[in-house]
Amino acid sequence: MSAKVVVGVQWGDEGKGKIIDILASRADVVVRAQGGNNAGHTVQSGDEVYKLHLIPSGILYPNTLCLIGSGVVVDPNVLLEEIGGLKARGVACKNLRIDPRAHIIMPWHIALDGLSEAYRGKSEIGTTKRGIGPCYMDKAERIGLRFYDLVHPEIFAEKAREVGKLKNDIITKVYGGNAIDIEKTIADYIGYGQQLKEYMDDTSVLIYNAHKEGKQVLFEGAQAMLLDLDMGTYPYVTSSHPVAGGFCIGAGVGPTMMDDIIGVAKSYTTRVGKGPFPTELFDETGDLIRNRGHEFGTTTGRPRRTGWFDAVIIRYAVRVNGLTSLAINKLDTLCGIGDLKICVAYRHEDGRVLYDFPATIEELAKCEPIYETFPGFEGDISSCRSFEELPEGCKAYIAKLEEICGCPIKMVGVGPGRDQNLERA
Ligand code: GDP
Ligand code: IMO
Ligand code: MG
């Protein structure tokens with residue numbers, strides 16, 4: 001059977017949670033494979049709004065298996081809060097499974113995230129300060145604690161004592177911060193492990209078997225291509241691989257399993273945190289998009305930077321992710337803001353016109369967007385329930401985006417609700 005991948009193709013917050021929730025109604029398994037609770041995925045079901053950080057966005061369907069793969073970094077305290085919050089709202093988490101290989105975010109990761117950002121000063125990345133980068137650093141350093149350790153108290157205590165001492169030396173001697181109480185941390189985390197151990201399972205095996213049995217598997221991207229450690233605007237990126245290829249490693253599956261790769265974008269561009277953003281708007285149009293689109297971070301509440309749709313980025317995404325289609329969200333936000341600009345290429349300061357996204361931020365800084373202006377559209381499209389119902393101006397805009405991006409647009413979002421996603425064959 002088919003396995004679908006849903007990836008963000010800008011700088012995050014494209015509405016991946018909404019798309020996953022919609023597609024999950026037809027899926028048997030939903031898998032998160034990278035990132036952690038730096039993600040904030042919004043799912044709206046009727047009047048109920050759920051903000052999910054670690055738990056896959058298929059959780060609202062009682063029979064859908066929701067997997068946290070080996071590539072995710074798990075803050076057990078946050079996970080327990082999320083499970084508790086969902087249970088209190090009547091959402092059972094009995095189908096949640098966490099891979100024993102998934103790394104655990106420790107208090108020293110969170111402390112070091114804040115301290116290293118402060119140390120960077122003006123060149124800070126603007127991280128979510130959830131300990132994501134420091135946790136992945138320990139994974140690469142091969143001193144990380146994993147979910148298997150968390151549910152085995154003796155193993156956990158021994159490893160945490162050893163690593164904790166090193167981390168406290170770094171916190172206090174390098175950064176001048178306050179030491180973490182290691183014994184209290186160990187006791188707290190062993191408690192979390194006991195509450196979470198029922199969820200442990202080898203998620204690579206679960207995905208493989210489900211796929212072999214003909215079940216539908218859906219891979220849920222967190223963050224987005226331009227935050228990818230290799231393909232993003234380094235160093236202003238996250239520490240994992242949000243591109244489609246990242247799923248093979250983070251979920252323990254082969255690339256031949258994936259046959260449908262859906263890139264999610266907004267009809268404009270946003271970014272939270274620092275780093276280059278060629279089409280950023282600093283005028284009232286930018287404010288208008290921010291306010292009308294409620295562009296404030298799901299995880300940190302920070303105002304999101306806003307700008308025009310950048311087709312250079314989307315063409316890059318088609319290449320890097322092997323996209324088979326695009327989902328364009330928030331078309332409703334653009335209604336009534338006047339003429340629309342689409343960045344179709346960049347002009348390099350040496351005079352060249354670039355159609356491919358530059359590989360480094362130094363080269364990107366030498367580029368200016370080349371825009372095509374497109375007539376805006378008026379009215380309220382949020383009540384449209386099929387693509388055909390959209391005004392001609394909207395349809396023409398979508399056709400233009402398809403042409404410039406070189407990828408079919410198979411979904412168009414006209415609101416945050418499940419029924420506000422217009423699908424096309
Ligand atoms: P994610 O991180 O990619 O899952 O996206 P977020 O949940 O962080 O941010 C997307 C926001 O846009 C959420 O508040 C969604 O409810 C909302 N949203 C998603 N699609 C649409 C859409 O088509 N129109 C509007 N107006 N809002 C949308
Ligand atoms: P979703 O899944 C938007 C950004 C942070 C910062 C950079 C590094 O909701 O789209 P980190 O804490 O990961 O080390 O921060 O990455 N960032 C996101 N921006 N959406 C996200 O997730 C993000 N996750 C991380 O703002 O710029
Ligand atoms: Mg988000």
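Colleague: Which residue forms a salt bridge with Glu124, and how far apart are the closest N and O atoms?

Modeller: Glu124 pairs with Lys274, and the closest N and O atoms are 3.8 Å apart. This is a predicted model. The general idea is that side chains of opposite charge can pair when their charged atoms come close. The cut-off here is a nitrogen-to-oxygen distance within 4 Å.

Colleague: How many salt bridges does a search of the whole structure find?

Modeller: The search finds 27. One of them joins the side chains of Arg304 and Asp13, at 3.0 Å from N to O. Arg304 sits in the loop between α10 (284–292) and β12 (305–307), and Asp13 in the loop between β1 (3–8) and α1 (16–24), so this pair ties together parts 291 residues apart in sequence.

Colleague: How do Arg304 and Asp13 count by relative accessibility?

Modeller: Arg304 counts as buried at 5%, whereas Asp13 counts as partly exposed at 21%. Both also belong to a network of salt bridges that links Asp13, Lys266, Glu295, Arg304 and Lys330.

Colleague: What about Lys16, with which residue does it form a salt bridge?

Modeller: Lys16 pairs with Glu14, with 2.9 Å between the closest N and O atoms. Lys16 is buried, with a relative accessible area of 3%, and Glu14 counts as buried at 1%.

Colleague: Turning to the whole chain, how far apart are the mean positions of its positive and negative charges?

Modeller: They are 2 Å apart, for 48 positive and 56 negative charges.

Colleague: What radius of gyration does the chain have, and what would a compact globule have?

Modeller: A compact globule of 425 residues would have a value near 22 Å; the chain has 22 Å, which agrees. The C-alpha trace spans about 65 × 50 × 40 Å along its principal axes, and 57% of the residues are buried.

Colleague: Which elements make up the chain, and what share of contacts joins residues at least 24 apart?

Modeller: The chain has 13 helices and 19 strands. Of the contacts between residues at least 6 apart in sequence, 75% join residues at least 24 apart.

Definitions and conventions. Residues are numbered from 1 along each chain as its sequence is written. Chains are lettered from A and ligands numbered from 1 in the order in which they are written. This is a predicted model: local features need pLDDT of at least 70, side-chain atom pairs count only at pLDDT 80 or more; totals for chains, interfaces and linings use all residues. Side-chain values use heavy atoms; hydrogens and water are left out. Helices (H or I, at least four residues) and strands (E, at least two) are DSSP runs, numbered from the N terminus. The radius of gyration is taken over C-alpha atoms; the globule rule is 2.2 Å times the number of residues to the power 0.38. Buried means under 20% relative accessible area, exposed over 50%, partly exposed in between (1.4 Å probe, protein chains only). Contact means heavy atoms within 4.5 Å. Lys and Arg count as positive and Asp and Glu as negative; His and the chain ends are not counted. The place of a charge is taken as NZ of Lys, CZ of Arg, CG of Asp or CD of Glu.
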